[in-house]
Amino acid sequence: MRILSAPVAAVLLTAWPAAGQPSDTPERALLDRYCVTCHNDALRTAGLALDDLDLASVGDHADVWEKVVGKLRAGMMPPAGRPRPDGEASGRLVAYLETELDRAAAARPDPGRSAAWRRRNGTEYRNAIRDLLDLDVDVAALLPADDSSAGFDNVSLGGLDPGRFERYLAAARRIARLAVGAPVGSPVADTFIVPSDLNQTGHVDGMPFGTRGGAQFDYNFPVDAEYELRVELGKSWNTNRIGGLREPHDVAILLDGAPVEVLTVSPPARRQAATQSLLYQPDDRPADADLFVRVPVAAGPHSVGAAFVSQGGELVERHRQPFEKVHITVGGDQRTQPNVYAVTVTGPFDATGPGDTPSRRRIFTCRPVEDGAPSSASSPTTSRRLANGSASADTEPTGAGPAAAFSDERACAAEVLRTLARRAYRRPATDADVDLLLGFFDEGRADGGFDQGVEMALRRLLVSPEFLLRVERDPAGADGPYPVSGLELASRLSFFLWSSLPDDELIEAAARGGLRDPAVLEAQVRRMLADERSASLVTSFAAQWLYLRNLPAVSPDFIVFPDFDETLRRALRRETELVFESVVREDRSALDLITADYTFLNERLARHYGMPGVAGSRFRRVSLPPGSPRGGLLGHGSILAVTGYATRTSPVVRGKWVLENLLGTPPPPPPANVPPLDEAKSAAVLSMRERMEEHRRNPACAACHALMDPVGLSLENFDAIGRWRTLTAGLAPIDATGGLPDGTTFDGVAGLRQALLDRSDQFVRTLVDKLMTYALGRATEHYDAPAVRAVEREARAGGYVFSDLVLGIVKSTPFQMRRPDAVGVAAADGPAVPVVAAVPAGVDASPAASAVSAAVAPAAEVSPAAAASPDPSARAVERAVTDGYRFSDSSNVKSMRRPGPAGPAVAAVAAAPAGALTAVHQPRPIP
């Protein structure tokens, strides 16, 4: 069955009444003839009954009818082999249902409800630190990995368990020390290992010209000092023998891309063994033991690395190897030339100070005065702002006495912390915000001076719930969908497009109420898309939507695919990223993702594709010839590799990927105990098509595979790592005919590409749905479907350019509004009372005592954010951290010291089942 496109269906719809149709309408007759035979109240196939649903009130059962629309558009219903209506009649029914659903949604908008508070994922945390402190940190080494839901790792991030919060505390301590430039107690060593299968026989992209192999890594040097940079070369297993070291090689140790030292490594002399002659017997001391240099380095971010000085293109015959990939076998390292295995940075030694780093310039927007008359109680406190904010950290203010100096420092600290809080909390900072941070500043200042005070306050800011969490509060008295506040809208916008904090311009626009002006909002969206931070749409959204994050786990069998290595793996991913980035940056049509007549290649990837004329490691745009199979995502080796197996292709995985990610029609999950494909039968005996046909003979497999296999088989001209082929392993011509669930048939990747283009509205709606899931941080539901359709229809006139899709989402009801929760909404007779109690010291605050703590607490006992949160555990989190506590479990009670006068020890305990988090206040210092 062929589903009509939306424009054709809209024309046909004009012949039918828009609403209030009687039961004998053509739509009802079509349902009764083709659908109700299975989906009736007696059979309830798939749990669905359509015989008792009124087509005159489609909006009353929107959840059911949206499923019907999805199945009809995909051509999945009626199932193959059953009678089907013609495409014209089916298209009229789809158009009628969508029109009624959209009309009902406009009359009763339901924007859905995002979580009251959501934890940032690792990408958002890293980007927030970058934009707040101008500091890039390795989040993977600091925080646990994020879970994914609905295809993205920014969805359903509500958990903040004690173990995770301990990691946040440790991360805050490390980040604050590095950003401020705190003294380092003793030298430490950080080692960066180069992937073992990275090809280093030629020039590596990003390395200096005239070099071969090697790698570079970004590293934040904590203070001005001397550091040791050491290079280790690849060695054979269980020996000190360096693979491929048959003659002297010069190794350049690099800092910021420039050599700081060039050292020579030579093979050890051969020696006569007692029982064998002329065996290669290296000494116990490896040949690369002296590949290090100690150099002074200014604090801040730098790149470190190493590479070999190129010896030219001359190779003797024995140095040729048949494969791109370097093989390390039990017999030893088979490389023909030495390679860099690791680079180690050790230090600091003889530190001279914190230095002038980008993070210090970002943090210290002012410094305490160094000269002038002492401050007095009646005179205004002053501070001297420096042009670059980079005054020496060990400068002490001068004055008549300690009190005057402290007063001046505190005023400067308040200015520093107010600026940081404004950016971190994504709103103008209040006096209460600053006072809380100043309490921590006072403690740090008393222990070690102005910089340590700022460091302590920064640590507190980095574990604030308003920094770690995105909190959206229901306004008092809300009894229906409401527009989110301007500041909340700014946060939604920045985390959608940047995966990071809103900048000053966006915060100011939100604080003025300007984001409610459509012209201002559109200008901000276009500005943000043009900003380099929108690269997160490529590295975060596209990488998850297209499964690019799975590429590091792709490890094809090295016997079947001996050329697949890390160099190729990186090139495959980079090609897809650059194509998607070109659509975003150049504001091209989203359909270019299907039909692009260009791609981005370097020499390694071009050889893999069999495309001549591309030399060097640099990626460049390459125009594709007419009819090239490489146009669009379907021809990208990255997509084909992540949807294959280690030894063969998988039509099932590829078909599922196309249906789910490009057409938005995922097949049903497989039933239990489905037998796997019989791998014992060699591909040389049966083609993949024949093997899949045999597999489908099992009735338990047939239903799902009938949907996926024809789509995946149309891509059989690509092998498991994306190379083009025309013959099977048995040297038989490949049959790449395929089809879609609606009965459309085609031949090969070109036919599949055209079939997707014929359903461009369905592809764009799928892309919008994925973007909306990513933007909202929740899975889309049936009530979001009208907004998705509206975005697609409005963008159609402009050719589906990417900015129109983004603007449509940003202006949509789900993005601009939110549904209240009855639990968290204030009642008419007074504010909602949170279920958090103040428990006196000595009372058991374990989860088992949660029933005791469920007593009603006065409103003054909790912070505003806690009072607005409908989740009891969220209120405990908010109360604990805002008041300066640290999370703990009942078996290992630890806490954060609270600034200011010591008050009574209390414990904020959520009314939650056993095992829930408790937050305990005890007078124990930060470890």
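Helices here are DSSP runs of H or I with at least four residues, strands are runs of E with at least two, and both are numbered from the N terminus.

This is a predicted model, in which local features need pLDDT of at least 70 and side-chain atom pairs count only at pLDDT 80 or more, while totals for chains, interfaces and linings use all residues. Residues are numbered from 1 along each chain as its sequence is written, and side-chain values use heavy atoms, with hydrogens and water left out.

At the start of helix 6, a side-chain oxygen of Asp161 comes to within 3.2 Å of the backbone nitrogen of Gly163. Just after the helix, Gly181 has a positive phi of about 85 degrees. Buried residues in helix 6 include Phe165, Tyr168, Leu169, Ile175 and Val180. Buried means under 20% relative accessible area, exposed means over 50%, and partly exposed lies in between (1.4 Å probe, protein chains only).

Next come the cysteines. A disulfide is a covalent bond between the sulfur atoms of two cysteines; here it is assigned to a pair of cysteine sulfur atoms within 2.5 Å. The structure holds one disulfide. Cys366 and Cys412 form it, with their sulfur atoms 2.2 Å apart. The pair links distant parts of the chain, 46 residues apart: Cys366 is in the loop between helix 7 (358-363) and helix 8 (402-425), and Cys412 is in helix 8. The link is right-handed, with 125 degrees about the S-S bond, and both cysteines are buried.

Cys35 is buried, with a relative accessible area of 11%, whereas Cys38, at 22%, counts as partly exposed.

Finally, the whole protein. There are 30 helices and 22 strands, and 53% of the 927 residues count as buried. Among contacts (heavy atoms within 4.5 Å) between residues at least 6 apart in sequence, 74% join residues at least 24 apart.

Technical notes: Polar contact = N/O pair within 3.5 Å; in protein donor to acceptor, adjacent residues only side chain to side chain.
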